[in-house]
Amino acid sequence: MWKVELEGHYYKIYDNRKNIAGYFAPEYGEIFPEEKADEIIEQMHKRHEKIKSGYLMTPMIKFGIFNEGQEMNLEYVIKQIDDVKMRLAYWADYISSNGMKQHRITVSHTDHDMLSITIHLAFPNPIPLDKNVIQDEVGKILGPLQEMGLL
């Protein structure tokens, strides 16, 4: 269902309609010398070295009210805010029930009417830098989020 593609030091995640569903940034650990980081990370990918964790970034909530020049009435704004509150409650439930203590929420860099969430993923066992393995691991998170209507 999900497809990942390596782009630089991170993976782009696509849904089955080929839309970007998020990004996964592996934690590569301490890299020395720093000036050779690009070369070292490239070699890590070629050798499918193992990582212990990474960061999954996905869209979280679209407000539908912060578009330049958009005219709205009060009922529309109230409905949008109520929808946002409901989605926040679903996200809060998902995060707490899955023990995801390390996360951060930011305004999306591509859409100022949307919040994005970045979740720290710590794997039970180190996983190789292999797109199929990464795809399976992020799918374990994205599948339930999609089933809940959060993606």
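The bend at a residue is the angle between axes fitted to the seven residues ending there and the seven starting there. I needed that for helix α3, where I found a kink of about 35° centred on G139. I note at the outset that this is a predicted model.

**Entry 1: confidence and overall layout**

I checked confidence before anything else. The mean pLDDT of the protein is 94, and 100% of the residues score at least 70. By element, β2 has the highest confidence at 97, and α3 the lowest at a mean of 93.

I then listed the elements. The protein has 3 helices and 6 strands, and along the sequence they come in the pattern β-β-β-α-β-α-β-β-α. Along the principal axes, the C-alpha atoms fill a box of roughly 55 × 35 × 30 Å. Of the 151 residues, 37% count as buried. I also looked at contacts with a sequence separation of 6 or more: 61% of them are between residues 24 or more positions apart.

**Entry 2: the sheet**

I traced the strand order next. The 6 strands form an open sheet, β1-β2-β3-β4-β6-β5, with antiparallel pairing. At its edges I found β1 (3-7) and β5 (103-107), each of which pairs on one side only. On average, neighbouring strands in this sheet are turned by 25° against each other, direction ignored.

I took the β1 end first. β1 and β2 run antiparallel and are joined by 5 bridges. E7 has Y10 in β2 as its bridge partner. The hairpin made by these strands has 2 residues between them, and G8 takes a positive phi near 70° there.

On to the following pair. β2 (residues 10-14) and β3 (residues 20-26) are antiparallel over 4 bridges. Within that pairing, Y11 stands opposite F24 in β3.

I then asked which helices lie on the sheet. Helix α2 (residues 74-97) packs on it, touching β4 (50-62), β5 and β6 (114-128). The direction of α2 makes about 160° with that of β4. Helix α3 (residues 131-147) also packs on the sheet, where it touches β1, β2, β3, β4 and β6. For α3 the angle I noted is about 125°, taken against the direction of β6.

**Entry 3: helix α2**

Does the length of α2 agree or disagree with its residue count? It agrees, because 24 residues at 1.5 Å a residue should span 34 Å and the end C-alpha atoms are 35 Å apart. The buried residues of α2 are Q80, V84, W91, Y94 and I95. Their cover includes β4, β5, β6 and α3.

**Entry 4: helix α3**

I repeated the length check on α3. Its 17 residues reach 23 Å from the first C-alpha to the last, close to the 24 Å expected at 1.5 Å a residue. The kink of about 35° at G139 belongs to this helix, and G139 is also one of its buried residues.

I stopped at E137, which sits in helix α3. Its relative accessibility is 16%, so E137 counts as buried, the cut-off being under 20%. Beyond four places in sequence, E137 touches F123 and I127.

I looked up S53, which lies in strand β4. Is S53 buried or exposed? It is buried, because its relative accessibility is 8%. Leaving out residues up to four places away, S53 touches F24, P26, E27, H120, L121, A122 and F123.

From there I went to E27, in the loop between β3 and α1 (37-46). E27 has 30% relative accessibility and therefore counts as partly exposed. Its contacts beyond four places in sequence are I51, S53, G54, Y55 and H120.

How values were computed. Residues are numbered from 1 along each chain as its sequence is written. This is a predicted model: local features need pLDDT of at least 70, side-chain atom pairs count only at pLDDT 80 or more; totals for chains, interfaces and linings use all residues. Side-chain values use heavy atoms; hydrogens and water are left out. Two strands pair if DSSP finds at least two bridges between them. Axes are lines fitted to C-alpha atoms, for helices over the stretch in contact, and angles run from 0 to 180 degrees between N-to-C directions. Contact means heavy atoms within 4.5 Å. pLDDT is the predictor's confidence in each residue, from 0 to 100. Buried means under 20% relative accessible area, exposed over 50%, partly exposed in between (1.4 Å probe, protein chains only). The expected span of a helix is 1.5 Å times one less than its number of residues.
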